[in-house]
Amino acid sequence: MTDTYFGNRTRVTEFILIGFLNPFEVQVTLFMLFFIVFLVTVVGNSVIIVLTCSDYRLQSPMYFFLRNLSIIEILITVTVVPKMMENFLSERKTISFYGCLAQSYFYFLLGTTEYVLLAVMSYDRYVAVCSPLHYSNIMRKKVCMWLVVASWLCGFFSILVPTVMKLQLPFCGPNTINHFFCDSAPLLHLACADIRLLEFIDFIISLPILLGSLLLTVFSYFYIICAIIRTPSATGKQKAFSTCASHFTVVTIGYGTSVFIYVRPSQTNSMNLNKVASLLTTAFTPMLNPFIFSLRNQKVKEALTDLVSKCVGAHGLGLNSRRV
């Protein structure tokens, strides 16, 4: 849909999200699949948030950062997946102009914040393994709070300028985005203007954030591995490794897909491959993170067991009182 823009040009008022082109029966199946993914993501990450807020065993900086990561994962999923699910069942797979820009802004704000936070978490693991005697002094509560705030501010300011520039672009048609959400590259290529400067700015911003935070993570894990190798006892090595394995798994998936998708000067090719890779960061990684961080973590498993026992006990108490 378009309306008058200026002269003989028209301005796009909505975009069409192509998503994945499949027969309607397949679209219904995909809707059910991603509905389950959405529920598991929200419930799983909400459980992590509740546990790290309420259980006394999960009050260290590591779990404080994990709680914030779970909040980001829920928000990323809410930003992208519901609209994608709606379009699976819709004949007109549309999104409004400002809705599209808002979705793009919040997706990249949350994504950038997440990668900075993952780098912060790698530093936390470095201090825990390499300087355990000074850990409580270095990773004080106030320091952790400021690190999380800095992660959000980094995401906010890095995405603000490109988003303002996108608002100034003329979109006069076509209005079809070859993606399941308003990703930056396919959106930019619909503008009726020279986008090379904005593409370059996107690249310049994504390069230091992704590769800079990745570099910090690589250095942290380099020293962590050196410290683990120097640990004389097998029990000590196992304990040190178990505190880092979950975070390392999430970092590998997250950075691998994002470097593949975004850290390239031109992103016009392999769009279908980009869509599949984007599903990892928008749907499946947020769903898997609670399991990755809990299945290998004894404290989280104990806290979850206690929470389930309390809930079952309270439910049983309620049934007994009603019978009486």
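Analyst: Start with α2 and α3: their crossing is left-handed. Bear in mind that this is a predicted model.

User: What angle do the axes of α2 and α3 cross at?
Analyst: Roughly 160°, and the axes come within 10 Å.

User: So which is it for α2 and α3, parallel or antiparallel?
Analyst: Roughly antiparallel. Angles over 145 degrees count that way, and α2 and α3 cross at roughly 160°.

User: How do the residues of the α2 and α3 contact divide by class?
Analyst: There are 16 nonpolar, five polar and five charged residues in that contact.

User: Now α2 and α5. Where do these helices sit in the chain, and at what angle do they cross?
Analyst: α2 covers residues 61–89 and α5 covers residues 141–167. Their axes cross at roughly 25° and come within 10 Å. That makes α2 roughly parallel to α5, since angles under 35 degrees count as roughly parallel.

User: Is the crossing of α2 and α5 left-handed or right-handed?
Analyst: Right-handed. With α3, by contrast, α2 makes a left-handed crossing.

User: Which residues make the α2 and α5 contact?
Analyst: From α2, they are P61, F64, F65, N68, I72 and L75. From α5, they are C144, M145, L147, V148 and W152.

User: And how many of the residues in the α2 and α5 contact are nonpolar, polar or charged?
Analyst: 10 are nonpolar, one is polar and none is charged.

User: What does UniProt list as "transmembrane region"?
Analyst: The unreviewed entry lists residues 30–52, 64–85, 105–123, 143–161, 203–229, 241–264 and 276–295.

User: Take 64–85. How much helix is there, and how far apart are the end C-alpha atoms?
Analyst: Residues 64–85 are 100% helix and 0% strand, with the end C-alpha atoms 31 Å apart.

User: What about residues 143–161?
Analyst: That stretch is also 100% helix and 0% strand. Its end C-alpha atoms are 28 Å apart.

User: Switching topic. How many disulfides does the structure hold?
Analyst: Two. One of them joins C100 and C182, with the sulfur atoms 2.0 Å apart.

User: Where do C100 and C182 lie?
Analyst: C100 is in helix α3, residues 97–130. C182 is in the loop between β5 (176–177) and α6 (184–188). The two cysteines are 82 residues apart, so the pair links distant parts of the chain.

User: Why is the disulfide of C100 and C182 called left-handed?
Analyst: Because the torsion about its S-S bond is about -125°.

Conventions: Residues numbered from 1 in each chain as written. Predicted model: local features only at pLDDT ≥ 70, side-chain atom pairs only at ≥ 80, totals over all residues. Heavy atoms only, no water. Axes fitted to C-alpha atoms, helices over the stretch in contact; angles between N-to-C directions. Helix = DSSP H or I, 4+ residues; strand = E, 2+ residues; numbered from the N terminus. Parallel < 35°, antiparallel > 145°, perpendicular 65-115°, else oblique. Left-handed = near helix turned anticlockwise from the far one by under 90°. Contact = heavy atoms within 4.5 Å. Nonpolar A, V, L, I, M, F, W, Y, C, P; charged D, E, K, R; others polar. UniProt positions renumbered as here; feature names shortened; annotations may be inferred. Disulfide = S-S within 2.5 Å.
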